[in-house]
Amino acid sequence: MANERTFLAWVRTSLALLAGGVAVVQIVPDFAFAGARHLLGIILILLAIVIAGTSYARWERRERAIRLGESLPPSLLPRVVGVGLAVVMVLSLGFVLLEVVRGQG
């Protein structure tokens, strides 16, 4: 059951990232840097696609290992998500600081 809960958590995470990507593009005011909202939104949506696209295969590999009593296979997904979110955060900070420097913040 824990494996299924983990799979569902990844699916929820992908849906949240998708919603966040759409919200950034549709709701966040324009930054001084042209295309900033779209860049952030695209990265978030790409992360959502990666998670949604790989989470079932990840669940299946772990389910097979559990049933066969084998070691759980490693996954790069948490690292990819962590690095992707760090990129979004650093870019967001840069865009906000650019607004402050230009006197619009």
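**Helix packing**

The buried residues of helix 1 pack against helix 2 and helix 3. Those buried residues are Asn3, Trp10, Ser14, Leu17, Gly21, Val24 and Val25. Before going on, keep in mind that this is a predicted model, where local features need pLDDT of at least 70, side-chain atom pairs count only at pLDDT 80 or more, and totals for chains, interfaces and linings use all residues. Residues are numbered from 1 along each chain as its sequence is written, and side-chain values use heavy atoms, with hydrogens and water left out.

A few terms, then. Helices are DSSP runs (H or I, at least four residues), numbered from the N terminus. Buried means under 20% relative accessible area, exposed over 50%, and partly exposed in between (1.4 Å probe, protein chains only). Contact means heavy atoms within 4.5 Å.

Now for the core. The largest nonpolar core has 15 residues, and Leu17, Leu40 and Ile51 have the most contacts inside it. Such a core is a set of buried Ala, Val, Leu, Ile, Met, Phe, Trp, Tyr and Cys residues joined through side-chain atoms within 4.5 Å. Helix 1 (2–26), helix 2 (36–68) and helix 3 (77–101) are the elements that give two or more residues to this core, and helix 2 gives the most, with seven residues. Leaving aside residues up to four places away in sequence, Ile51 touches Trp10, Thr13, Ser14, Leu17, Leu77 and Val81.

What about Glu63, buried or exposed? Glu63 lies in helix 2 and is buried, with a relative accessible area of 15%. Its side chain makes a polar contact with the side chain of Asn3 (3.0 Å); that term means a pair of N or O atoms within 3.5 Å, where within protein one must be able to donate a hydrogen and the other to accept it, and residues adjacent in sequence count only if both atoms are side-chain atoms.

Asn3 turns up again among the residues lining the largest cavity, along with Thr6, Phe7, Trp10, Ser55, Arg58, Trp59 and Arg62.

Finally, look at Glu70, in the loop between helix 2 and helix 3. Glu70 is partly exposed, with a relative accessible area of 49%.

Methods. 1 Å grid on protein atoms, 1.4 Å probe; cavity = no way out; pocket = protein on both sides within 12 Å on 5 of 7 lines; lining within 4 Å.
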